[in-house]
Structures are given as structure tokens and as C-alpha cells.
Amino acid sequence: MREYKNLQTVAGMAMVILMVALFNPGEARAADVGNCLLCHKYPGLSRIGEEGKFRLFYVNESVFMNSVHAKVKCEGCHTDIQNIPHEPAKKVDCLMECHIIEPSSEQKFSHKEVAEFLSKSVHAKLDEKQNPKKYAEDMPYCLDCHDNPLFRPLSFFKRVRPGISEMALGRCRVCHKSDEFIFRFYNHVTTRLHTIRSPKNIAEMCGRCHDDPKVVARHNLTTKAVYSYGETFHGKAASYLDERIPDCLDCHVNRGKSVHQMLSHEDPLSITYETNKDAICTNIECHPKATPRLANYKVHMEFDPEQSPKEYYFKIFFITLTGGTLLPLMGIMFLDLFRRLFPNIRITRRK
Amino acid sequence: MEAYRIIKVKKGEKYFFRSTVNQRLQHIILATCVIVLVLTGMPLKFHDAFWAPYLYSLFGGIKVAPIIHKTAGCILMLLFVYHIIYLSCNIYIGQIAPLRKKKELSIGKLLKLLATQPLIPNPKDLKDIVQLFKYLLFLTDQKPQGDEFTWKNKFDYWAPFWGVPVLGISGLIMWNKEFATRLLPGEIINYALIAHSDEALLAALFLFIWHWYNVHFKTSVFPMGTVFITGYLSEKLMVEDHYEYYVKIMKKAGLEHEILPPNESYEREPAEGKMVREESDATSADENFKTMNPRKGESRND
């Protein structure tokens, strides 16, 4: 019994240590050298902005500390804030150099290269001749797709599952002394070994523009892409939170490239180009036994006589069949019920 | 004497033979598979509906429900194949073989024989439908006097007969997309999805509204018909739906004096003291039934 109590105490202490390690207030202080949380820790810190929108300035410390930017100091991004209390802060420029040193090059870290990739992609604001594209304002900027993502670690000890593997951490601690470093490094690496968002989440993100009828019309797109994806088995499975199912990026980004390098389906280098697209479905992780024909499946088929005329009339046949069968039968059912409930009504003289 | 066995008397009421144990088992497998398929399929078709995630979770969600769906689909397809074999054997053994024995079989006779199978629609059905509309619109009090299988029974039989292959083949294409697109263009999956999803909705609505109304929910049967379990239909319902056949059976059984008038089944108590021989074994009744009417032996859906 006493041993059991001891065990409880040890387990309790372990929990406390784990909690402390996970939420890591020490690190919070490290990132918050300017003591910004003195004010921003209050959940009610908010106001109505000049454009009439509600703006919340509360920073949830524990959430922030589990995000990919946990190590970046507030002043690292909000460079215009010099004094406290401060004037309304400017929008953050995601391309600035921050104080973090990128370990492989030992240079100051910046997202500038990502912006360069983006400028050559289908989402670029300028065309090949560096002239602004039509409706360039519709093209996404960093914050249109990204928030401050949370770590989404994977456990790799004996089996793969979500979360941090305590078993694996023991092996890290042999060499690395700082738990703060171990946790961050573990999170940093394993979060990137899978997608940071679920397929449903990614589809919803793309849908913010690609399902907007105005954007679809302005850019002459043939489909509300996320809507039509949602009508496929992939999309339906994604809506049931299946993590294994392909999302927009799995098909539209060339293998081994970043989403920021996504190309138009009209670009011969793109995986979605007519003669390249067979490689999308037949890759080793999806349908390796399939022939290139599988890629002719119209993922973005819509019930529209202009976009997919054959499929449209095929569906019309089934709608007619359904209506043509059920409506008369329902009519008979209704009349039958009426006849049974009011058997003595007389319309004509009968024998 | 043997002909009496198609009428069973229990607690003074007559029950009329409708289907063998084999046929009832086929129907129960069909019904169970269809219900499971609808419950595991509709949350995918209507994945945006508020109820869909709850229903899908009940079947294990996206990881398990598709396995259940495919299993039920396979059972249903096997049942369909079995039913075709069962039907062919019955027609061959019961009807074609005797003709061959007598050396009377010709192509004309064979076609006529196939066209006059009890579940094949015939002019009498059209007459019954016209009569039904007259009755439903209060133009007459005379209900259609249905034969052994009414046009509703035939509708109920041929609907799954068309539906199962459509759903089965389209389902197999989507399941084995790699193999299917080796033989056919990739667009076939689009067509398969449309056919599978729309035909399934039609089948589900047809069965759960029309079929269930006619066999369970109409006021004379409510709350539940039992013929799919017992294989026997009560005299009341026999008079209501199959009057022509009822009269035929009663006459054959020598019970002319007990025949109830049409449309009056609700108003009259069953005749007392004129019991026919009690028969509790449905399968032996089926044997006798075949003797009496050698062309029977098909699956029925009512």
C-alpha cells in the first residue's frame, strides 16, 4: 500500500514535471523579454479597429509557446514597437530577417526565399514579364494561408502515433541537456514529417478563395475547386477527418517541391499539366498499381452542362428516373391514405 | 386434399401461403444488406448534413464504415447471383424439364413460358392500375382484384432486380478503380459515382417509403406486416390485395362457401366452424403448393 502511495507521488511529480516542461514558462519569459504579456495576457484586450472590425490583442501564452514561432521574440516581428505603451502596431512583414540563426547556413533566418518561390508560382502577383497580373490583389499573401501554426508532433517509438514519445525523449536526453531544446527540436522535426493541417483543414483554407464565386468568375476558373473536391470520395473522407486522404496540395504540388512552387495546369512543368498528370494518382503512396488512365477521372466535375456535359445528362437521367418513379408512387400513396381515412366520401352517384 | 395445405388456419383465421423459407431468407438477407448499405452510404452522400457524422460514427467512422459497406455490398451481390441461379433452376426443373420430357419444347413455347412467369408484368396489371385510380379518385368502390402478384409486388421485385446490378457494378468499379481503369477510361469513375449515389437514393426512398408503406404502414397492416417472417398472409390482406387469386385458391381448396366478398373484409368476421386442416410446416406447404401450381417457385418481395 505504501509502495502504491509512493508510486502515486512519483507519478504526480512526473506529471508536474511534464506539465512544466510542456508549457515551459521559462521559455515564455525568454521570448517575452520586452514583458509584452504584462498587458497582452488579458483575454479581454481588444478594440474595434478603424475599419470597424473587432480586433483581439490577447496572446494565449501556452498556445503561443506550442507554436512554430515560440522561439521568436515579440519584437522580432513587431519591429516598429519601441516604447511601452505603444502606438497601434503596423502589419508584420513576414519577409524580414529575424534574430534566429538558420543553423545550416548560420545566416539570419528569413522567409524571403519562400516569397521568391511564390513569385514564380501560379499564385504570383506579377506575370513572366513582371507586369501586374489581372486582379493581382486576389493573389495570396503569407497571412491569407498561414496563421501561427501549432506544433503537431508525432511519436516514433515502436509505432507512429500523434504526440511526443516520452520513450524517444529519453534517448535525446543522453546527449542534449536542455529539455527546452529537446522539446522544441523534437516538435520542429516531427511536425514537419507530416502535414501540419488535416486534409479538411487544407481544403477549407484553399476554399476561402477557390470557392468564392467572385474569384472563380474573375479568374475564369472552371470549377469551385473545393466544392467539387468535396463531392469526390477523397473530399468526403477528408470531411470525416481522414488524415490519409489526399488534399489539394497532394495533387497540385509537384513531388519534392513546396506548396509555394505550385504551377498552373497550363505550365508544361506542372504535375497537373495534361500530359504529366498520370503521375499524380500512380505515385507509390496512392494508387501504384493504376494505369495513367486513372488520372483522367474528373476530380473537379460539377453538375454543369458546360463544364461536364456528358456527366450532366447522365445525372439528369437518374434525376428523371428518381422523380419519374417516386412522384407517381407518392401520389398513389397519398391518395391511398386519403381513401382509407375517408372511405365514405361520395363524388359521383354509384350503383 | 393436398391443395388445402396452402391455407393454414390459426385461431380460426385463415392464412395463405406466400413464400418458402428459402425465399424468406433471401428477402431477409436482402433487407438487412440494404439497410446496412443505406446507413453506411448515405452519410457519405450527404456528408455535409448535421446528422451524417453521428450516423457514420455509429458504424466506426471513415476507417470502419467503408469496410462494413463493402462487406454488405458483396453479400448482396452474391445473393443476387444465387437468386438468378435459384430462379433459373426452379424454372428449368419445374417447367422446362417436364416439357422437354414430353418432347413438347419449342422456342415459341419457351418464350411464351418465360413471358408468362408470375412476376412478369402483364395486361392484367394495367387493368388493375386503371381500376386502382378509379377507386382512389372515388369514382368506384370496387378495388382492383389482384392476382397472386399484384403490380405493386412486381414493382417491388423488379426495382431491386435493376438496382442491385447497377449499384453492384458501379460500386465494384469505384472499389477496384485501378483494375477498372485498366480496361475503361478514367471518366468511368465519374459515371460510376453518379449511378451509384443516385440509384442508391432512389432505391432507399423507394423501399423505405413506398415498399414499407405497402407492407407495413398502410392502415390495414400498421404497425408491421408479418408475411416476410411467417410466409403466410392473413385472409383480410389476401382479400384486400389479391382477391382474384384468393377466390381461385378458395375454390381449389373446395371452400367456395367461405369466400369473403371483395372490399368487405373489414366488416365481416371470419367464418366460424368451417375450419380447414391446420398446417404449421411452411416448407411442406410449399411442396404442396408446387404440386398444385407447378410454375411457382420464384422469389417474392412482398
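Predicted model: local features only at pLDDT ≥ 70, side-chain atom pairs only at ≥ 80, totals over all residues.

User: How many other C-beta atoms lie within 10 Å of E106(A)?

Analyst: There are 7 within 10 Å, so E106(A) is exposed. E106(A) also has a positive phi of about 60 degrees, although it is not a glycine. Its place is in the loop between β3 and β4 (107–108) of chain A.

User: And how does L241(A) count, as buried, exposed or partly exposed?

Analyst: L241(A) counts as partly exposed, because it has 14 C-beta neighbours inside 10 Å. L241(A) is another residue other than glycine with a positive phi, near 65 degrees. It is found in the loop between α13 and α14 (248–252) of chain A.

User: How do I read strand pairing?

Analyst: Strands of a sheet pair through backbone hydrogen bonds, either parallel or antiparallel. In chain B, an open sheet of three strands has the order β1-β2-β3, with antiparallel pairing. β1(B) and β3(B) (232–234) stand at the edges with a single partner strand each, so one side of each has no neighbour in the sheet. Neighbouring strands are turned against each other by 35 degrees on average, direction ignored.

User: Which residues stand opposite each other in these strands?

Analyst: Take β1(B), residues 7–10, and β2(B), residues 13–17, which pair over four bridges. K10(B) stands opposite E13(B) of β2(B). These two strands form a hairpin with two residues between them, and K11(B) in the turn has a positive phi of about 50 degrees.

User: How do I find the buried face of a helix?

Analyst: An α-helix has 3.6 residues a turn, so residues three or four places apart point the same way. In α11(B), residues 243–252, the buried residues are Y243(B), Y246(B), I249(B) and M250(B). Seen down the helix axis, they fall within an arc of 120 degrees, so they line one face of α11(B).

User: What covers the buried residues of α11(B)?

Analyst: The cover includes β1, β2 and α10 (235–241) of chain B. After α11(B) comes G254(B), whose phi is positive, near 75 degrees.

User: Where should I look for cis peptide bonds?

Analyst: Look at the omega values. In chain A, a cis peptide bond joins I84(A) and P85(A), with omega about -5 degrees. P85(A) lies in the loop between α5 (74–77) and β3 (101–102) of chain A. In chain B, the bond from F222(B) to P223(B) is cis, with omega near 5 degrees. P223(B) lies in the loop between α8 (188–217) and α9 (227–230) of chain B.

User: Last, how do I describe the contact between the chains?

Analyst: The size of an interface is often given as the accessible area lost when the parts come together. Here the description is by residues: the contact takes 36 residues from chain A and 34 residues from chain B. On the side of chain A, α13 (233–239) and α16 (309–341) each supply at least two residues. α16(A) gives the most, with 16 residues. The residues on this side of chain A divide into 18 nonpolar, seven polar and 11 charged.

How values were computed. Residues numbered from 1 in each chain as written. Chains lettered and ligands numbered in written order. Contact = placed C-beta atoms within 7 Å. Nonpolar A, V, L, I, M, F, W, Y, C, P; charged D, E, K, R; others polar. Pairing = 2+ DSSP bridges. Buried ≥ 20, exposed ≤ 12 C-beta atoms within 10 Å, placed from the backbone. Arc of directions from axis to C-beta. Axes fitted to C-alpha atoms, helices over the stretch in contact; angles between N-to-C directions.
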